[in-house]
Amino acid sequence: MNDILLEIKDLHAGIEGREILRGVNLTIRRGEVCAVMGPNGAGKSTLSAVLAGRPDYKVTAGSVIYDGRNLLEMAPEERSWAGIFLSFQYPVEIPGVSITNFMKAALNARRKAAGQPELSPAEFLKLLKEKMALVQMKGEFAKREVNVGFSGGEKKRNEIFQMAMLEPVLSILDETDSGLDVDALRIVADGVNRLRTPQTASIVITHYQRLLEYIVPDVVHVLKAGRIVRSGGRELVDVIETQGYDGIDG
Amino acid sequence: MDKQLIIAGKDPMPSLLRLGAGESLMLTIIIPEGVSLTHALEIDLDGPGARLDLAGAWKCSSDEQVRLQVVVRHNVPGCTSEQLFKCVVGGKARSGFDGLVYVAPGAAKTVAHQQSHALLLNAEAVAESRPQLEIYADDVECSHGATTGYLNPEELFYMRSRGIPEEEARAMQIEAFLAPILARAL
């Protein structure tokens, strides 16, 4: 198995004709937790949107190779089937669709794509209960409409629940700490840590060091004005904490 | 409460209904895909305490033309009418909904609510909605609301990012949109 899971080279991308990423280079290895930190407007959310395949973001140059495949040619659902998962900064409400039906559709679509039979109702329920327990969600949670009327903490726990259900190879956590109190943060971080394996990797995107006290990164990259300007070990988090982003340049 | 389900193209469509004192009617009209029609339905609330709960749903996906005109008349005091209409319009189909709520002079304590919502699947589809209120009495509670919109691209992307193929994600959104009315037909 190839050690390198994701290789981003000279990636330029933007939205509505505005270039936001201006030559991102980034390599993610299996087993790694990689933090991407940066100030507001650095391009952190654009990077996660481009990796997940958001249709309104346009890639103008560069390449992204994921597990030996050209990621930029894949539809969002194909990326999901290949093991990419984005935990949204702002999870979307889907009125009229229950969490149960949503996850059933997601899991069975992936199994179909892999040529596997659908899960039986009993198998599905067992999995649902097991993964709900991971983020301390109670029974009635599965009957609720996706994210409708959820608190900020519930929305983020729902993201991690979905991540647990889909067992991604590469998970991208976009500002998962925003809007979370410390208890919810701990539940979310605990869920993410328990899903770590030597074959999978995570990109943790954050403005603050707070989340990284709970999800400890192996590598830290600083994104500023659409480029990675510094990379290092977890000690870089402390440098940012004391000096701020102004003190860090390429 | 009297419950009635009418499937257009299969069941005869009523043109005039009357509710007397204390009578209740829960009426659901479904217009299946492929059915074109122009129809006018008038409902008179003629006795105090009459209650109407009316809902309609239709889905047009090719070149159907649906034009539904509904007139609900509150002729006496103390009647209630609730109306909910939802349509999904795709292809080159056209949908028109005219809804008039009339409150006669002296029909105090009337409660009348009407909602009509259209979901367009493409730019060629057309949905028109003309809600009207004609109120000639005081001390009434009347409202209407109409929306027309497309499938939400944020929802579509969210579903696709979880591995649900685009077509299936669209179908799930359409089903969720119509569900409140289809559930009445069960």
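The expected span of a helix is 1.5 Å times one less than its number of residues. Keep that rule at hand for these exercises, which work on a predicted model.

**Exercise 1. What span should α3(A) have, and how far apart are its end C-alpha atoms?**

Solution. Start with the count: α3(A) has 15 residues. At 1.5 Å a residue, the helix should therefore span 21 Å. Now compare this with the model, where the end C-alpha atoms are 21 Å apart, in agreement with the expectation. Moving past the helix, we come to A:Gly115, which follows α3(A) and has a positive phi near 75 degrees.

**Exercise 2. Which residues of α3(A) are buried, and what covers them?**

Solution. First, recall the cut-off: a residue is buried if 20 or more other C-beta atoms lie within 10 Å of its own. The buried residues of α3(A) are A:Ile99, A:Phe102, A:Met103, A:Ala105, A:Ala106, A:Leu107, A:Ala109 and A:Arg110. Next, look at the cover, which includes α2 (76-81), β7, α4, β8 (145-146) and α5 of chain A. Chain B takes part too, through its α2.

**Exercise 3. Turn to α2(B). Where does this helix bend, and by about how many degrees?**

Solution. Begin with the length: the 17 residues of α2(B), residues 166-182, should span 24 Å at 1.5 Å a residue. The end C-alpha atoms are 23 Å apart, which agrees. Then follow the axis: α2(B) bends by about 30 degrees at B:Ala176, with the proline B:Pro180 following within four residues.

**Exercise 4. How are α4(A) and α5(A) arranged: roughly parallel or oblique?**

Solution. Helix α4(A), residues 121-134, packs with helix α5(A), residues 152-166, at an angle of about 135 degrees, and their axes are 9 Å apart. That angle makes α4(A) oblique to α5(A). The crossing of α4(A) past α5(A) is right-handed. On the α4(A) side, the contact is made by A:Leu127, A:Lys131, A:Met132 and A:Leu134. On the α5(A) side, the partners are A:Phe161, A:Ala164 and A:Met165.

**Exercise 5. Now pair α5(A) with α6(A). What is the angle at which they pack?**

Solution. Helix α6(A) covers residues 182-194 and packs with α5(A) at about 10 degrees, with the axes 10 Å apart. Angles under 35 degrees count as roughly parallel, and the two helices are therefore roughly parallel to each other. From α5(A), A:Gly153, A:Lys156, A:Arg157, A:Ile160 and A:Ala164 meet A:Ala184, A:Ile187, A:Val188, A:Gly191 and A:Val192 of α6(A).

Conventions
Residues are numbered from 1 along each chain as its sequence is written. Chains are lettered from A and ligands numbered from 1 in the order in which they are written. This is a predicted model: local features need pLDDT of at least 70, side-chain atom pairs count only at pLDDT 80 or more; totals for chains, interfaces and linings use all residues. The bend at a residue is the angle between axes fitted to the seven residues ending there and the seven starting there. Axes are lines fitted to C-alpha atoms, for helices over the stretch in contact, and angles run from 0 to 180 degrees between N-to-C directions. Angles under 35 degrees count as roughly parallel, over 145 as roughly antiparallel, 65 to 115 as roughly perpendicular and the rest as oblique. A crossing is left-handed if the near helix is turned anticlockwise from the far one by less than a right angle, and right-handed if clockwise. Two residues are in contact if their C-beta atoms, placed from the backbone, lie within 7 Å. A residue is buried if 20 or more other C-beta atoms lie within 10 Å of its own, exposed if 12 or fewer, and partly exposed in between; C-beta atoms are placed from the backbone.
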